[in-house]
Amino acid sequence: MAKLTPDRHLSPQPPSVAARDPLRTSVSVPAVDLVAARPANAAAVAARLAPLAGGRGAPINAVVIDAVTRRTLFDLRADRPATPASTTKLVTAVAVLAAAGPGHRITTRVVRGGDGGIVLVGGGDPTLTALPPSPEAGHPPYASLADLARQTATALKASGVTQVRVDYDASAYQGPRAAATWKPNYLPDGEVAPVSALTVDEGRVDPTRPERVTDPPAVAAASFARLLSRNGVAAKSGRGTVAPKDAQTLGAVRSPPVSALVEHLMTDSDNDVAEAMARQVAVKRGLPASFASSAQAVLQVLSELGVAEGVLVHDGSGLSPHNRISPIALARIVSLAASPEHPELRAAITGLPVAGFSGTLGPPRYTVPSSRAGAGVVRAKTGTLSGVSTLAGVAHDADGRLLAFAFMAGDGKSVVDPGRLDRLAAAVAACGCG
């Protein structure tokens, strides 16, 4: 099988954790209006899309549905599961928003250890940062390791402690740090860090480069020890441990709310945040925060929402080539998130890249004549692995009706052209098919 290449290879250099593209929370995404526009005619939609979906190139599995009624308007092997790549993140986003709630925040704390040391306790926040705040960052402030060090140093000095050992607790996650179904090049190439409950700046060796550290918790503890020393408490990094349950808290910081994290992971296709969100679903379900249990928990939540059929996942990011999701499943999940009956899921829609403008749908996509009709109208999650290209999202058609779609091409072995999917989405947006 050809080497798999995830979405994040689309950008030439990975951005700093503290300087990523802003979350697009300000972009208006109108709620579905049940009477604002006449329903689309299925025959008219099919007449526009069928010629684009056929022809040469990798076979495409496709579906378009009315986002209000869920009625199918176009079906081309829509119930056939395919490799979703990063459109898996739609599944993860909806599951964590439903299970944890959009306002949930992840806490990183420091507690007293059992032998006179202190313990840095990870809760699973991959955006915890050692970098100074940036006014140009464009996102809610990430939890600051420096702030946590200041809190801890103040508490320690108040009790007369000026020298300490920093142990670390990453026991909130269980199991391996890489999925068994991932390709071995993902970690060395920096597509994702070893998945850990305690990591700083997404485990990057340097926030401006893709390389990741091999042991994120140990590196986080070493960074924290240096920050403590700068705040007047001589500190050295220690060992991995499990903090006492009744330990005194010396300091704590919290991540942005899940809604903001979801918007970011959707817009920028962030693999690290996606894996963290999948584990938050497991935590909320009382299951071990491992790859297997997180996948189980995600499917439990989708089942309760009535959209689990056609979904099989092994991770939260879509890096696994063994994931299988059908186009109709993706379209139904998108429709559910867009529904006014589920405002708690809204961030899964507001985080979708805007065609021709933001995230993984930024230029040059939707800037050529054949797809330009979708620019600013189509909002969709991309998925890219070598030999696989997927696109799932929403668009208002020319009559103002909100339609949901999913287009999935490739078998992992042949060349695929994401431009074909862009043309299909643009045709949906341009369709006056009522």
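A search of the whole structure finds three cavities of 30 Å³ or more. This is a predicted model, in which local features need pLDDT of at least 70 and side-chain atom pairs count only at pLDDT 80 or more, while totals for chains, interfaces and linings use all residues. Residues are numbered from 1 along each chain as its sequence is written, and side-chain values use heavy atoms, with hydrogens and water left out.

On a 1 Å grid over the protein atoms alone, a cavity is a set of points where a 1.4 Å probe fits but cannot get out; a pocket is an open set with protein on both sides within 12 Å along at least five of seven lines; lining residues have an atom within 4 Å of a point. Grid points are joined across faces, edges and corners, and a volume is the space filled by probe spheres set on the points.

The largest cavity has 14 lining residues, and Pro126, Val195, Ser196, Thr199 and Asp272 lie nearest its centre. The second largest cavity is also lined by 14 residues, with Ala278, Ala295, Val298, Asp315 and Gly316 closest to its centre. For the second largest pocket, 21 residues form the lining, and Ala82, Thr83, Gly410, Asp411 and Gly412 are the closest to the centre. The table gives volumes and lining classes (Ala, Val, Leu, Ile, Met, Phe, Trp, Tyr, Cys and Pro count as nonpolar, Asp, Glu, Lys and Arg as charged, and the others, Gly among them, as polar).

| Space | Volume | Lining by class |
|---|---|---|
| Largest cavity | about 120 Å³ | seven nonpolar, three polar, four charged residues |
| Second largest cavity | about 60 Å³ | six nonpolar, five polar, three charged residues |
| Second largest pocket | about 320 Å³ | 11 nonpolar, six polar, four charged residues |

Helices (H or I, at least four residues) and strands (E, at least two) are DSSP runs, numbered from the N terminus. Helices α2 (88–100), α7 (271–284) and α8 (291–305) each supply at least two residues to the lining of the second largest cavity. The greatest share comes from α8, with four residues.

These helices also pack against one another. Axes are lines fitted to C-alpha atoms, for helices over the stretch in contact, and angles run from 0 to 180 degrees between N-to-C directions. The axes of α7 and α8 come within 8 Å and cross at roughly 70°, which means that α7 is roughly perpendicular to α8 (65 to 115 degrees). In this contact (heavy atoms within 4.5 Å), Glu275, Ala278, Arg279, Val281 and Ala282 of α7 meet Phe291, Ser293, Ser294, Ala297, Val298 and Val301 of α8.

Between α2 and α8 the angle is about 75° and the axes are 9 Å apart, so α2 is likewise roughly perpendicular to α8. Val91, Val94, Ala95, Ala98 and Ala99 of α2 touch Val298, Val301, Leu302 and Leu305 of α8. This contact has nine nonpolar, no polar and no charged residues.

Elsewhere, α1 (residues 42–53) packs on α11 (residues 418–430) at an angle of about 170°, with the axes 10 Å apart. The pair is therefore roughly antiparallel (over 145 degrees). Their contact divides into seven nonpolar, no polar and three charged residues.

A salt bridge is a side-chain nitrogen of Lys or Arg within 4 Å of a carboxyl oxygen of Asp or Glu. The count comes to 13 salt bridges, including one between arginine 239 and aspartate 115 (3.5 Å, N to O). Arginine 239 lies in strand β6 (residues 234–240) and aspartate 115 in the loop between β3 (107–112) and β4 (118–121), so the pair ties together parts that are 124 residues apart in sequence.

How values were computed
Parallel < 35°, antiparallel > 145°, perpendicular 65-115°, else oblique.
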